[in-house]
Amino acid sequence: MAPRQFGATALSRLAAASTRRARWVLGGWLLIAVALNVVVPQLEKVVARDATPFLPASSASIQALGQMDKAFGRGDGRSIAFVVLRGPGFTADPADQAYYRALSARLHAGRAHVADLQDYTTQPSLQTALTSADGDATYVPVSLRHPVGSPQADQDVAWLRQAVARDRPPDVHGYVTGDVASIADLTLEIQHSIGRVTIVSVAIIIVILLLLYRSMLLPLVPLATIGVGLLTARGLVSLLGQSFLPVSTYTGTFLTALVLGAGTDYTVFLISRFHEAMRGGMNARDGIVESVRRIGPVVVASGLTVIIGSACMVLAKLALFNTTGPAIAVAILVTLAVGLTFTPALLAVMGDRAGPRPVRAAKTRAARSSGGWAAVATLVSRRPLPIALASVAFLASLAAFWPTLHPSYDTRQLIPASVESSQGYSVLSQHFPGNELRPDYVLVHSDHDLRNPSDLAALEQAAATLGKLPDVAVVRGITRPQGQPIQQAQLGVQLGKVGDRLGQAGSSLTGSSSGVSRLASGADQLAAGAGQLSSGTDRAAGAVDLFLAGLSREASGLGTATSATSGARDGAVQLRDGAHLLAAALRDAHDQTGSAVRGLRDIYAVLATDRICTTDPICRVARTQLHRIYVGERDRLLPGLARAAAAAQRIGDGDGSLAEGLDRLRAGLHRADDGIARLAAGERTFRHKLGRLAGGAAALARGAGRLPPGVSRLRSAAHRLAHGLDRASTYLTSTAQASRAAGISAFYLPASALGDPRLASARDYYLSPDGHTSRLMVYHRNDTSHIGDEQHAAALAMRGTPLAGAHLSVTGPTAVDDDIHHLADSDLRLVALVTLGAVFMILVLLLRALVAPLYLLASVVLSYGAAMGISALVWQDLLGKPIDFTMPLLAFVILVAVGADYNILLMSRVREESRHATRAGVARAVTATGGVITSAGMIFAGTFIAMATSPVLGLAETGTAIAIGLLLDTFVVRSLLVPSVAALLGRYNWWPGDRKRAIAPSLRGLRSVTDDRASADRPRAAS
């Protein structure tokens, strides 16, 4: 009784039904294929309408981009493109500038595609930033309404290019570039590559089939199978893509390659078993059913590995993966259904014409073709351990280069140089600094208005910290619009200015023109005038005595009195003038000292709010001393000078009255000639008053004599104050110089400075209108991502400041690349684990063992590592090309799934040939499957090597990596490594299952199986 078969009965019934209703089956499949391609739109059109964004909306960079657009734009921008314009003397040519203004107006009017833009037509202050130094090039940042990688964004880019091309002067070249344009160009190039890849793949398949079958008729079977399978799969994926199945750029290309390769492989496997059955004496119809019964479970298991492996990609977060995998799974499912129904029906219609005719010649060719594989089988069975070690060493030596593979996430490096976006980047690199269009936008969002000195200082501190990171070329922001901190707002500069002003204040106190010096000069003049007044009054008293002694000498005496009163008047005038001069000097000193006191008040106010000065003990002590000087001058010196000036003014006013009285005296003496009698009667009264005048003048002289020493003491105090101001000036100036030399950045920018017209464009660009969000633009010297370092550095810089709790986020092209990097790595780990687990379970269920599935899975992983190592050597090291980040994951899923197919076919034949996996049984399995698996592997590899003809670097790299991995699977893993390990393990291959149970019964009538089976299954000594 034959052992149980793994689904063979159901498959044989399906094959029998297909052969009985062969023409109906063929007609039905053809009708389905045609209907799906006539009624349903083509796959490329469905892809173009799919709204799946390249990155998920939950990505940090995408969320930050939305926040930035909401804060600085209208809130509906989802991606950024750049219009690059170049022409000789573009900014000076009137025609070119007229075109620029018209283009700006068109872009502003294109609200269906454009969310916002920055141009110097509406914002003249941006012209310097957006124009090259030579004036030949400019660029316009344009915010688009749809996310990067979505078909709608591709349409936005197409509209933008039409707008740029409209009415463009002949000497002006226009380009639309940026990540969104690069993705659009990449999508277009991939679509153009599908036809070329398909043609090359079919040509390779035809050549290999002709060499395999050496017949013009038999290759039509696999060609018809893959033709119907491809048409049906594309139509079904298009139909499902219109409802719930997401599709993307890579869907069409990889769907085509896998359907062509898998469909051909399944057909070749079936035809091989069909030919074996017919050579065993069966007729065509029975041979078809028998071949499906025996190879069907293997084909189904092989298809399931690819289906489940591809379906696992739905777990990926990157749209490129989660939209490609499910579509491939649907396509392989369709291909599997076509291979198990359409192919048997077609073989039934062809009948004996599809068989190995003549049988004798076929046997001769089969023997000739199997001769090489028989030698390989003999070598493996006799020397399994050396072959296994050599195979592992060879694959491991190639896989050793796998860690050197560094995928690139920069779309600029992954697109052809001939496309428009690449040309735009090239123009920018010629006229602008590197990475001009790829800054990182560090967003600082706070719950309060940032337009105050403390928050502006914190933003400058964050910008300075970011500027010190490795490979950062320049940082721009509200505090450094041109990449350098605003010179006037640096505390070192402010300290230097304050120090200079203090020095000037000290000089004004001690210089020859200072108020204190003028006060001293007035006091000296007052003392001299008071002495002259005292002398004059003495002389006046003597004159009166002479007058009284002899009225007889009226004429001469009167002249003497007149002369004496004239001298007294001169002294009084000198006293009045000196007092007035003193009052003026005191008021001047009061005003000068008041200016100095106000300067000290401003200096202390700046230092009192400075956190650096608070933490610096030297600066803190100096600030305290400065406050004491300020308070002393304000509360003591200024009031004293004011009172002294008032007193001097009163003295001057009193001396003026005295001079006026002496004038009247002199007039009276002149009238003495007319009233000599009255003069005699009043001479005693005059003498008494003149005595009092002499006493007052003497007292005034004594007081005025004491004034110069007081003023001298005031001058000494002024010198001491000037010395203190000089010391403060020297300290502040030296502190400013030291801080600049040490790179210490202290920043003070008052909120009122933001109203300065020179800061208008920077304020609008770096601060949101509500003042709650600020952005810092970080430019790098290279394309390495520093997103994590930037966030960490900004957070540390703002620790302990009012912005310590602000929300930080980063967006921009590099941030997008960084998100792609993390998501791609995460997707690779997740999809790899799930795929390995799924394939392992399929192997366990099919082989009903644990040992064989473990080393089979390990072998395909090793061949994958070897393929990655070769890719790193060839593409990265030899050709100097960047590795597309999509290649490792796509290659892993396909190589593991397809590589497991060949191992499934081999190991199922091993178990069929020998229940205990003896070395003879392994040898027979290698001999029987060598030609078929090799042909299948070459066909599958050929469909992927055809991708190397694509100008898209990612397709070329992925195609060659998969082709290399398939060839390694075919010629090393399946031919040498797996058979040698199976021969070494023997019956333990099937542990812990029933080692006596076969996966399928041997074909009846095959001498290679029936001859000497008992002896073949007996364990043999190792050779």
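This is a predicted model: local features need pLDDT of at least 70, side-chain atom pairs count only at pLDDT 80 or more; totals for chains, interfaces and linings use all residues.

Student: In which sense do E1 and strand E3 pair, and over how many bridges?

Tutor: They run antiparallel, with 8 bridges between E1 and E3 (residues 137-144). Strands pair here if DSSP finds at least two bridges between them. Helices (H or I, at least four residues) and strands (E, at least two) are DSSP runs, numbered from the N terminus.

Student: OK, back to E1. Which sense does its pairing with strand E4 have?

Tutor: Antiparallel, over 5 bridges, with E4 spanning residues 173-177.

Student: Which residues does Phe-82 face in E3 and E4?

Tutor: In E3, Phe-82 is opposite Pro-141. In E4, its bridge partner is Thr-177.

Student: And how many residues of E1 are buried?

Tutor: 6 of the 8 in E1 (residues 79-86), so the strand is mostly covered. Buried means under 20% relative accessible area, exposed over 50%, partly exposed in between (1.4 Å probe, protein chains only).

Student: Switching to charges: how many salt bridges does the structure hold?

Tutor: 16. The criterion is a side-chain nitrogen of Lys or Arg within 4 Å of a carboxyl oxygen of Asp or Glu.

Student: What does Arg-294 form a salt bridge with?

Tutor: Glu-912, with the closest N and O atoms 3.8 Å apart. Arg-294 sits in helix H11 (residues 284-311) and Glu-912 in helix H30 (residues 886-913), so this pair ties together parts 618 residues apart in sequence.

Student: Are Arg-294 and Glu-912 buried or exposed?

Tutor: Both are buried.

Student: What about Arg-438, what's its partner?

Tutor: Asp-817, with the closest N and O atoms 2.5 Å apart. Arg-438 is in the loop between helix H17 (420-431) and strand E6 (440-445), and Asp-817 is in helix H28 (residues 813-847), so the pair connects parts 379 residues apart in sequence. Arg-438 and Asp-817 are both buried as well.

Student: And which residue does Arg-924 pair with?

Tutor: Glu-913, the closest N and O atoms being 3.3 Å apart. Both of these residues are buried too.

Student: Which residues do shared partners join into one network?

Tutor: Arg-273, Glu-290, Arg-293, Arg-294 and Glu-912, through salt bridges.

Notes. Residues are numbered from 1 along each chain as its sequence is written. Side-chain values use heavy atoms; hydrogens and water are left out.
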